[in-house]
Amino acid sequence: MLAFDRIEYQNRMKKTKEKMAERGIEVLLVTDPANMYYLTGYDAWSFYVHQMLIIIIDQDQPIWIGRYMDANGVKATTWLHDQNVIAYPDHYVQTDQCHPMDFIAEFLTEIKQGSRHIGVEMDHYYFSAKAYQCLVRGLPNATLKDGDLLVNTVRMIKSNQEIDYMKRAAKIAEQAMFRGTEMIRTGVRECDAAATMYYNMISGTKEHGGDYPSIVPLMPSGENTGNPHLTWSERKYKEGEAVIVELAGCYKRYHAPLARTVSIGKPSRQLQDLEPIVLEGMGRVLGTMKPGMTCGEVEEVWRKSIAKYGFHKEARIGYSVGLNYPPDWGEHTASLRKGDQTILQPNMTFHFIPALWFDQHGIEISESVRVTEDGCETLANYPRELIVQDPFPRTQKTGITS
């Protein structure tokens, strides 16, 4: 069931330990499920309870610790030896009497790791303040250090197989975008359009089935198109409205986000004015983005392009993207923003999203981009222009399409 050859996992472990040595970390406690999957292949919806991957710098294999009922899933889906899969009993789950980190601290002490320099992923969704307090209390002789984003930085440069998975995800995104936006017509409920997108994201293509994405389809409409992170409701679309659609194809947990803007009927004057400005800026960025540039220099190309028309974008225009679990498909490392000194390297991948949002309207067109040896390439092949839908097609489509 492994998504990659064991040699690739070994290379990932080697690079992770090199980063550990740079930070003076002897034991790294990994609680981010994306990093756990990256290093072991473990892929399950068990991250709603505490689980951990322990990487010891002078031991070959990591150790997984988690809920008893999940241990067999780890044994079945990873390259870890069975003795490196440790389960805590269910009375540790969601109770105020004890905490899984108590169990983990005791285990680390028992295996003579409780007095070392221990790195913890301090700032992400799956490691709580209480979890940290329990580790501090249970490991009084350890030196706890910030190991945040250590594995994430290793993940930034993809292998060729990872790129291949993202390209498959991009094909799924293309299909979901086409089928989903076809549903955006007068009288169709927003939830039905969302259902069509979901069906196609999970069904995938004829060649490759899809996975659940880390973010649901974002679908603000009408006056809410200036609010990029709204989802959907049961309201029906109206003629003349604009709708922003941001979604991602996902294949073996690797994402390829894609955003487009739809007009139901003739586009508004605002959209007609903004479209060429955004497309020009995108073209300039994609034409200059290459290895050796910094993320900040990429953003500067966009900033100068839209400044000619009197526009300024407060938010970043992109971020490192790839493998992840809910609630985000971004890698939380490099951002295409002013001042980011991250140097682009081949096989880095970004969600390039130079959208413009205003109080009551907006436009969003995005691409998933791979840095190549001498430039960049988009992973999807989908028209960037505004999608103008006939508000009243002869045959109204409703429900799920195939």
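Contact, as the word is used here, means heavy atoms within 4.5 Å. The structure above is a predicted model, in which local features need pLDDT of at least 70 and side-chain atom pairs count only at pLDDT 80 or more, while totals for chains, interfaces and linings use all residues. Residues are numbered from 1 along each chain as its sequence is written, and side-chain values use heavy atoms, with hydrogens and water left out.

A first point of entry is isoleucine 63, which belongs to strand β3 (residues 63–67); helices (H or I, at least four residues) and strands (E, at least two) are DSSP runs, numbered from the N terminus. Isoleucine 63 is buried, with a relative accessible area of 8%, where buried means under 20% relative accessible area, exposed over 50% and partly exposed in between, with a 1.4 Å probe and protein chains only. Leaving aside residues up to four places away in sequence, isoleucine 63 touches Met52, Leu53, Ile54, Ile56, Asn84, Ile86, Phe107 and Ile111. Its C-alpha atom is separated by 38 Å from that of alanine 176, which stands 113 residues apart from it along the chain.

Two packed helices are described by the angle between their axes and the distance between the axes; here the axes are lines fitted to C-alpha atoms, for helices over the stretch in contact, and the angles run from 0 to 180 degrees between N-to-C directions. Helix α7 (residues 160–182) packs against helix α8 (residues 190–203) at an angle of about 155°, with the two axes 8 Å apart. The two helices, α7 and α8, are therefore roughly antiparallel to each other, given that angles under 35 degrees count as roughly parallel, over 145 as roughly antiparallel, 65 to 115 as roughly perpendicular and the rest as oblique. Their crossing is right-handed, a term for the near helix being turned clockwise from the far one by less than a right angle, with anticlockwise giving a left-handed crossing. On the α7 side the contact is made by Ile172, Gln175, Ala176, Arg179 and Gly180, and on the α8 side by Ala193, Thr196, Met197, Asn200 and Met201. By class, the residues of this contact between α7 and α8 divide into five nonpolar, four polar and one charged, where Ala, Val, Leu, Ile, Met, Phe, Trp, Tyr, Cys and Pro count as nonpolar, Asp, Glu, Lys and Arg as charged, and the others, Gly among them, as polar.

Another pair is formed by helix α9 (residues 269–288) and helix α10 (residues 295–307), whose axes come within 9 Å and cross at roughly 150°. Helices α9 and α10 are therefore roughly antiparallel to each other, and α9 passes α10 in a right-handed crossing. From α9, Ile277, Val278, Glu280, Gly281, Met282, Arg284, Val285 and Thr288 meet Val298, Val301, Trp302, Ser305 and Ile306 of α10. This contact of α9 with α10 has eight nonpolar, three polar and two charged residues. Helix α9 also holds glutamate 275, which counts as buried at 17% relative accessibility. Apart from residues up to four places away in sequence, glutamate 275 touches Ile363, Glu385 and Leu386.

Some backbone details remain, in the loops. Lysine 112, in the loop between α4 and β5, has a positive phi near 65° although it is a residue other than glycine, and it is exposed, with a relative accessible area of 70%. Leucine 149, in the loop between β6 and α6 (150–155), also is not a glycine and has a positive phi of about 65°, but it is partly exposed, with a relative accessible area of 24%. Finally, a cis peptide bond with omega of about 15° joins proline 326 and proline 327, and proline 327 lies in the loop between β9 (318–321) and β10 (330–335).
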